[in-house]
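Please keep the sequence and the structure in view while reading.

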Amino acid sequence: MPAPARAFRTTGPDWWRDAVFYQVYIRSFADGNGDGVGDLAGIRARLPHLVELGVDAIWITPFYPSPMHDHGYDVADPRDVEPVFGDLAEFDALLAEAHDAGLRVTVDLVPNHSSHAHEWFTAALAAGPGSPERARYLFRDGQGPDGAEPPNNWPSVFGGPAWSRVPDGQWYLHLFAPEQPDLDFTNPEVLADLEETMRFWLDRGVDGFRIDVAHGMAKPEGLPDMLPMEDTGLLDDHGPGDHRFDQDGVHEVHRRIRRVIDAYPDRMAVGEVWVSDDDRLAQYLRPDELQLAFNFKLLTAEWDAAALRTAIEHSLATVEGTPAPACWVLSNHDRPRHVTRYGDGNEGTRRARAAALLQLALPGVAYLYNGDELGMPDVDLPDEALQDPIWERSGHTERGRDACRIPVPWSGTEPPYGFSSSPGTWLPMPEGWGPLTAEAQAADDGSMLSLYRRALGLRTTSPALRGDAVEWLPAPEGCLAFRRPGGLVCLVNLSPAAVPLPEGEVLLASGDVAGGTLAADTAVWLRAG
Ligand code: ISL
């Protein structure tokens with residue numbers, strides 16, 4: 001049954017300023033054709049779920065032709081659809097249906113690298129050193145006798161060196177897998193092609209883009225050695241010693257991207273910018289660059305009042321002085337899901353319920369990852385089921401990201417829980433997920449899904465959630481409390497004991513608040529009395 005017709009909740013050029021986006025990891029959301037892999041037809045069929053959930057927009061991870069060495073983030077042709085996921089006609093139908101249902105559609109843009117199967121890379125290999133074909137990528141001669149050493153010491157994010165050698169002796173740069181050669185953005189042809197890709201999707205009617213590795217693209221002149229990884233500190237910090245990311249030249253690329261977006265009414269882009277320094281991150285949000293940048297500080301913070309408060313304060317400080325609102329993320333397809341990060345089982349779920357109310361009470365944009373609304377945990381997979389290139393590249397020392405990419409359970413009591421008509425799903429689904437399915441949770445007033453639906457409903461209807469400021473309130477030890485200008489008070493209890501419930505009308509709570517107390521690992525939304 002198609003989703004009922006509905007207008008967009010907000011219109012105009014800033015429709016995204018307080019929007020809730022839903023990340024569809026396409027392989028794992030819903031399988032429409034029974035091959036065990038999620039696809040565009042599956043998304044179409046599940047639009048009613050998204051409408052009932054109450055989100056404003058979806059972001060669909062890459063569905064372009066790809067040999068799938070990094071599950072679609074290795075793009076062989078950015079202006080077509082991978083047959084496993086459907087075709088362009090299916091995409092157009094999905095876009096039209098989503099729009100009719102009041103849902104905006106954003107798609108992934110993967111500028112930093114292409115697939116090794118892209119026709120440009122094939123041509124580069126064939127053309128040889130010094131050719132214009134090689135100049136679209138970062139081919140270099142090696143160091144040492146016979147050039148047998150890589151051109152510099154950069155490691156790949158997925159493990160091993162960031163360089164691979166080709167038969168004629170040159171090396172090419174790949175910050176990710178060898179099957180994902182980095183493009184050279186100083187080459188005008190590369191930027192022109194990215195602009196063409198953007199126009200291709202904008203002309204079809206997409207509402208915006210999520211930009212992959214938006215802190216990549218620019219590389220420093222001469223590709224100097226970086227500080228060895230063990231000395232750079234935090235993995236995602238990419239401080240000044242790490243030359244692979246966050247180079248000043250990347251901002252020119254963002255200005256070019258923005259110019260394309262601004263030529264179309266009401267379109268936006270959010271960047272995946274793994275830059276933790278507030279001021280450096282804010283640079284991506286200047287008026288002529290990205291409208292939004294994910295702030296990953298909630299996703300990396302422990303379940304701890306001080307850590308979460310610091311994360312929120314830094315995220316707000318980042319956007320202060322920029323035109324952008326904050327952009328909150330708890331989970332995505334690259335990191336352990338928050339139910340699991342917070343301790344798994346009942347404890348993890350309880351905390352995830354509270355975290356949902358925290359995320360959705362904050363001003364700005366929220367991104368949900370498919371399955372957040374069901375409280376999906378990570379799943380430990382047996383070695384033979386692992387698919388992420390990280391597993392192989394790390395010499396079987398890192399298990400990679402498959403655990404957070406398990407297909408979504410929709411209905412029934414046995415795998416594949418309505419995800420697919422085939423039992424052979426691309427990642428196996430565990431036994432015992434009957435109670436986790438969307439169907440079971442829709443029928444349960446106390447479920448995670450019901451909590452999300454209520455929270456999203458209040459976000460759009462209650463005046464209490466209006467206004468951008470966050471005023472921190474005094475709170476018991478181990479608790480967080482803040483007020484929004486509209487009158488909402490959000491109190492999260494991260495302490496081990498119950499705390500008294502403040503005065504006010506309870507709008508929503510993640511756990512029991514009868515008896516005038518708020519239990520441990522519980523959050524409440526109140527309208528101050
Ligand atoms: O910078 C990083 C760590 O050092 C990473 O967090 C990096 O920014 C991140 O892994 C980029 O992720 C995105 O691009 C990858 C893809 O595998 C991920 O799924 C995608 O989200 C390569 O395209």
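## Salt bridges, strands and buried residues

Arg9 is partly exposed, with a relative accessible area of 34%. Like everything that follows, this value comes from a predicted model. The side chain of Arg9 meets that of Asp56 in a salt bridge, with N and O 2.7 Å apart. Because Asp56 belongs to the loop between α3 (47–53) and β2 while Arg9 sits in the segment before β1, this pair ties together parts that are 47 residues apart in sequence. Asp56, for its part, counts as buried, at 10% relative accessibility.

The structure has 38 salt bridges in total. Another of them joins Arg204 and Asp92, whose closest N and O atoms are 2.8 Å apart. Arg204 lies in helix α6 and Asp92 in helix α4 (residues 88–100), so here the parts tied together are 112 residues apart in sequence. Arg204 counts as partly exposed at 28% relative accessibility, and Asp92 counts as partly exposed at 30%. A further salt bridge is formed by Glu252 and Arg259, with 3.8 Å between the closest N and O atoms; Glu252 is partly exposed, with a relative accessible area of 36%, whereas Arg259 counts as exposed at 54%.

| Salt bridge | Closest N to O distance |
|---|---|
| Arg204 and Asp92 | 2.8 Å |
| Glu252 and Arg259 | 3.8 Å |

Salt bridges also link Asp70, Asp334, Asp388, Arg401 and Arg405 in a network.

Strand β1 runs parallel to strand β11 (residues 365–369), to which four bridges join it, and within β11 the bridge partner of Val20 is Ala366. The pairing of β1 with strand β2 (residues 57–60) is likewise in the parallel sense and extends over four bridges, with Phe21 standing opposite Ala57 of β2.

In soluble globular proteins, nonpolar side chains tend to be buried together. The largest nonpolar core of this model has 151 residues, and those with the most contacts inside it are Ile43, Phe63, Phe91, Phe209, Tyr367 and Trp525. Helix α12 (residues 345–361) gives the most to this core, contributing eight residues. Leaving out residues up to four places away in sequence, Phe63 touches Ile26, Leu40, Asp80, Val81, Glu82, Phe85, Phe91, Val107 and Trp201.

Helix α6 (residues 188–204) also contains Thr197, which is buried with a relative accessible area of 5%. Apart from residues up to four places away in sequence, Thr197 touches Pro78, Arg79 and Leu109.

Trp410 belongs to the loop between α13 (389–393) and α14 (438–442) and counts as buried at 3% relative accessibility. The C-alpha atoms of Trp410 and Ala438 are separated by 4.9 Å, although the two residues are 28 apart along the chain. Not counting residues up to four places away in sequence, the residues that Trp410 touches include Phe29, Ala30, Arg46, His49, Phe419 and Ala438. The side chain of Trp410 also reaches the backbone oxygen of Phe29, at 2.7 Å.

What does the side chain of Asp31 reach? Asp31 lies in the loop between α1 (26–29) and α2 (40–45), and its side chain reaches the backbone nitrogen of Asp35 at 3.1 Å and that of Gly36 at 2.7 Å. Asp31 is buried yet has no salt bridge, the nearest side chain of opposite charge being that of Arg46, 10 Å away. Setting aside neighbours within four places in sequence, Asp31 is in contact with Gly36, Val37, Gly38, Asp39, Gly42, Phe419 and Ser420.

Terms used. Residues are numbered from 1 along each chain as its sequence is written. This is a predicted model: local features need pLDDT of at least 70, side-chain atom pairs count only at pLDDT 80 or more; totals for chains, interfaces and linings use all residues. Side-chain values use heavy atoms; hydrogens and water are left out. Helices (H or I, at least four residues) and strands (E, at least two) are DSSP runs, numbered from the N terminus. Buried means under 20% relative accessible area, exposed over 50%, partly exposed in between (1.4 Å probe, protein chains only). Lys and Arg count as positive and Asp and Glu as negative; His and the chain ends are not counted. A salt bridge is a side-chain nitrogen of Lys or Arg within 4 Å of a carboxyl oxygen of Asp or Glu. A polar contact is a pair of N or O atoms within 3.5 Å; within protein, one must be able to donate a hydrogen and the other to accept it, and residues adjacent in sequence count only if both atoms are side-chain atoms. Contact means heavy atoms within 4.5 Å. A nonpolar core is a set of buried Ala, Val, Leu, Ile, Met, Phe, Trp, Tyr and Cys residues joined through side-chain atoms within 4.5 Å. Two strands pair if DSSP finds at least two bridges between them.
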